[in-house]
Amino acid sequence: MTDMATTAKPVRVRRRIPIRSSHHSARRSGGSSGRLGGPLSGVPWGLPALLFVGVLLVYPFFRSVYGSFFEDNGFTSSFTGLDNYARLAEDPIFGRSVLNTLFWVAGTLLLPVLAGLFIAVATHNMRFGGVWQLIIALPYVISGAATAVVWKFILTTEGAANEVLRGIGLDSWAQGWLLEWPQNTLSMIVASTWQATGLNVVLFAIGLRAIPRETVEAAQLDGATGWRMFRYITLPQLRAMTVVVVGMAIVNSLKAFDMIWVLTQGGPARSSETLALTMYRETFRLFHVGYGSAIALVLSVIVVASSWFYLRRQMPDTRPEGTR
Amino acid sequence: MGRVLRNVFVGACVVLWLVPLWLMVVNAFTASTEYSGSPDWTFQGFAIFDNLSTAWDEARIGEGFGSSLLYAVVCAAAAVLVAAMASFAVVVLPIPRPAFWFWLIFSGTMFPLQMFLAPLFGMYADANLYDTRMGLMLVYVAWAIPFAFFLIRNQMTTMPPELTEAAMLDGASFRRIFWRIHVPLLAPGLGAAFIFQFTAVWNELLFGITLSRSPEVQPVMATLTALNNAYASTGPPVILAGTLIVSLPTLIVFLVFRGLFLRGLTVSAR
């Protein structure tokens with residue numbers, strides 16, 4: 001990713017930022033020395049951030065990549081090349097974990113993103129719409145751990161979900177929601193929907209407010225209402241925001257850990273583990289440190305690959321001309 | 001017809017979203033000795049204060065609460081300061097390859113935490129930082145910097161460079177320009193970054209359970225997780241009371257500083 005940034009691109013790209021960057025003008029008027037400081041005078045200002053991120057995040061990152069080529073139990077380690085990656089392909093737990101991760105991504109795109117879109121559109125221009133949006137956004141600031149505790153209370157065998165089902169006469173539907181695959185993964189996706197939808201509602205609401213009034217009025221004059229208005233005006237106008245929401249949703253679903261860890265610890269029998277959980281269990285419970293690092297790297301590659309489009313759009317520095 | 005349908009849909013969603021919160025509050029009011037084994041839907045007593053104090057003292061949520069408050073306030077503030085300085089360097093000051101610096105600092109927020117955990121654990125064990133408050137605070141600052149940097153940098157690029165130029169012509173030093181021009185003008189942006197990172201650090205679990213063990217060091221989410229693992233013996237009312245305690249700070253911050261949250265989201269989605 002830095003390859004791209006270290007080529008001649010930055011200089012060319014900086015001109016695309018709609019304002020002039022003052023450091024160019026400063027350099028022009030003051031030269032490379034003198035009271036405006038030399039070309040390196042920004043370095044001390046960036047150094048603290050670089051030190052923190054470099055020592056505590058970037059170095060561990062490369063150390064993880066390096067460690068994934070070793071068989072390491074925390075005490076002794078030996079170089080095994082790509083063995084850890086070869087083992088991944090044969091590990092049924094890893095396979096289940098990938099499947100669950102796909103469930104999480106698909107489920108997150110299906111539930112919180114769609115629910116967020118519909119709720120935002122429905123509450124837009126509604127009386128007290130802001131209040132309803134606020135209520136749905138509340139769980140967004142509750143932690144994954146706390147959400148999981150509340151939902152455990154709902155999903156456990158004597159929990160609220162089964163109580164409701166029995167109350168309305170659907171006894172046969174009552175079940176141990178967290179005890180069997182795939183219900184456990186699916187019910188946890190529902191729990192995370194409760195938490196994650198608020199963010200999407202707020203983001204879509206921002207996008208809706210940015211739609212020009214003239215566009216809507218013109219469509220109304222042409223007789224567009226209801227579904228046609230939504231399909232041909234609202235949705236296309238929300239495209240830019242949808243990219244952001246979908247990107248964030250995918251990345252967050254791939255990183256989901258807290259809720260699963262607190263609700264099931266990946267169990268029973270590791271059936272509800274996602275890649276994030278599998279890595280944690282292999283590394284810190286089973287002390288397969290090298291193997292865990294390989295899983296972490298696989299997860300990172302998936303995260304970066306799937307956030308690439310979203311990131312590319314987000315960075316003014318690398319944004320292609322005319323997409324702003 | 002459409003209007004009715006819309007109102008019903010919104011109403012149903014709001015009710016659905018309130019049910020878990022309602023259950024949490026109602027059952028935290030039930031005395032833990034009188035808990036029937038299945039959830040209550042209406043208030044069954046007024047033992048909330050007993051439950052809160054049991055969670056606070058016996059389950060040691062109080063200790064975690066203090067630690068987390070320290071971590072969240074100090075680390076978010078430190079990260080915002082460091083990130084603001086880095087944004088200043090990348091946007092305003094002469095620095096070689098600003099885009100390279102941007103990606104280097106920003107890369108910290110792209111990868112899943114799993115990528116950092118195992119080496120961090122090893123480094124912390126070697127440096128005697130494992131299970132210390134200092135160790136957790138260092139990693140929280142580092143973890144909070146990238147996104148704060150992203151937010152602040154994005155807002156700094158919208159400031160007219162003439163401001164900096166004018167101050168330079170008047171002979172102000174970089175330090176003076178930073179503290180007298182950029183910090184005051186970006187105050188809402190810095191506030192948004194602080195609120196975001198306060199919430200993030202407060203809600204963080206993974207670093208907490210990986211890099212610390214003892215109750216006086218662990219952040220509150222790790223304490224809550226430990227309490228939850230004793231689900232059967234402690235009883236739901238106390239656990240839900242504990243959940244209420246750990247959720248209140250972020251809920252209050254969110255309700256009070258809605259505007260700043262919205263600002264942060266708008267900037268990050270732009």
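Trainee: What percentage of the 270 residues in chain B is buried?

Mentor: This is a predicted model, and the count rests on the neighbours of each residue, with 20 or more other C-beta atoms within 10 Å making a residue buried. Applied to the 270 residues of chain B, this gives a buried share of 53%.

Trainee: What pLDDT does chain B average, and what ipTM does the predictor give the complex?

Mentor: In chain B, 99% of the residues score at least 70, and the average pLDDT is 88. For the complex, the predictor gives a pTM of 0.86 and an ipTM of 0.87.

Trainee: How many helices does chain B have?

Mentor: Read along the sequence, chain B follows a pattern made of α elements, α-α-α-α-α-α-α-α-α-α-α-α-α-α. The C-alpha trace of chain B spans about 75 × 65 × 30 Å along its principal axes. With 0 strands, the count for chain B is 14 helices.

Trainee: What part of the contacts in chain B with a separation of 6 or more comes from residues 24 or more positions apart?

Mentor: A contact requires C-beta atoms within 7 Å. In chain A, residues 24 or more positions apart supply 68% of the contacts with a separation of 6 or more. For chain B, the corresponding value is 75%.

Trainee: Which residues of chain A does B:Ile145 touch?

Mentor: Leaving aside residues up to four places away in sequence, its partners in chain B are B:Ala79, B:Val82, B:Ala83, B:Ile105 and B:Gly108. Its partners in chain A are A:Ala49, A:Phe52 and A:Val53.

Trainee: How many of the 9 residues of helix H4 of chain B are buried?

Mentor: Helix H4 of chain B runs over residues 98-106 and is mostly covered. Its buried residues are B:Pro98, B:Ala99, B:Trp101, B:Phe102, B:Trp103, B:Leu104, B:Ile105 and B:Phe106. One of these, B:Ile105, is also touched by B:Ile145. The buried count for H4 is 8.

Trainee: How many nonpolar residues are on the side of chain B that touches chain A?

Mentor: Between the two chains, 83 residues of chain B are in contact with 89 residues of chain A. Helix H1 of chain B, residues 2-28, gives the most to the chain B side, with 11 residues. That side also includes 17 polar and 3 charged residues, and its nonpolar residues number 63.

Trainee: How far apart are the end C-alpha atoms of residues 238-261 of chain B?

Mentor: An unreviewed UniProt entry lists several spans of chain B as "transmembrane region", including residues 100-122 and 238-261. Over residues 100-122, chain B is 70% helix, and the end C-alpha atoms are 28 Å apart. Over residues 238-261, chain B is 96% helix and 0% strand, with end C-alpha atoms separated by 31 Å.

Terms used: Residues numbered from 1 in each chain as written. Chains lettered and ligands numbered in written order. Predicted model: local features only at pLDDT ≥ 70, side-chain atom pairs only at ≥ 80, totals over all residues. Buried ≥ 20, exposed ≤ 12 C-beta atoms within 10 Å, placed from the backbone. Helix = DSSP H or I, 4+ residues; strand = E, 2+ residues; numbered from the N terminus. Nonpolar A, V, L, I, M, F, W, Y, C, P; charged D, E, K, R; others polar. pLDDT = per-residue confidence, 0-100. UniProt positions renumbered as here; feature names shortened; annotations may be inferred.
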